[in-house]
Amino acid sequence: MISTGEQVADLFGVAGKGVAITGGGSGIGQALGMAFAAGGARVALLDVNQKNLDESLALYARNGQAASGVRCDVTDPAGVARDFAEADGKLWRLDVLVNC
């Protein structure tokens, strides 16, 4: 079982990588994002629910982890293109996409 950021970094080589996670404001997406961040990845959380994003970003900050948040409705194709461009700009580049 993977339980630490170091294990994530060692297993997947995520240190310095840009990771975008849809559904990252809660649940599995939030937990995966925290694991990637603990492993040294630059994380952008995308979620349709702004309140969930804000709460997740506050949780990351309390844990000493950095992440950025982008409100994104994946059912809106034009919005997805715009929102992913914004996330990509915050990450410098996108290496990993997780869809939750």
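Which residues in helix 2 meet which residues in helix 3? Gln30, Gly33, Met34 and Ala37 on the helix 2 side meet Ser56, Leu59 and Tyr60 in helix 3, contact being heavy atoms within 4.5 Å. The model is a predicted one, with local features needing pLDDT of at least 70, side-chain atom pairs counting only at pLDDT 80 or more, and totals for chains, interfaces and linings using all residues. Numbering runs from 1 along each chain as its sequence is written, and side-chain values use heavy atoms, with hydrogens and water left out.

Helix 2 and helix 3 pack at an angle of about 30 degrees, their axes 11 Å apart (lines fitted to C-alpha atoms over the stretch in contact, angles running from 0 to 180 degrees between N-to-C directions).

The largest nonpolar core has 12 residues, including Met34, Ala37 and Tyr60. Such a core is a set of buried Ala, Val, Leu, Ile, Met, Phe, Trp, Tyr and Cys residues joined through side-chain atoms within 4.5 Å, where buried means under 20% relative accessible area (1.4 Å probe, protein chains only). Two or more residues each come from strand 1 (18-22), helix 2 (27-38), strand 2 (42-47) and helix 3 (50-62); these are DSSP runs, helices being H or I of at least four residues and strands E of at least two, numbered from the N terminus. Helix 2 gives the most, 3 residues. Another core, of 8 residues, lies apart from it, with Val70, Cys72, Phe84 and Ala87 among them.

Then there is Ser68, in strand 3 (residues 68-71). Ser68 is buried, at 16% relative accessible area, and touches Val43, Ala44, Leu45, Leu57 and Lys90, leaving aside residues up to four places away in sequence.

Technical notes:
Buried means under 20% relative accessible area, exposed over 50%, partly exposed in between (1.4 Å probe, protein chains only).
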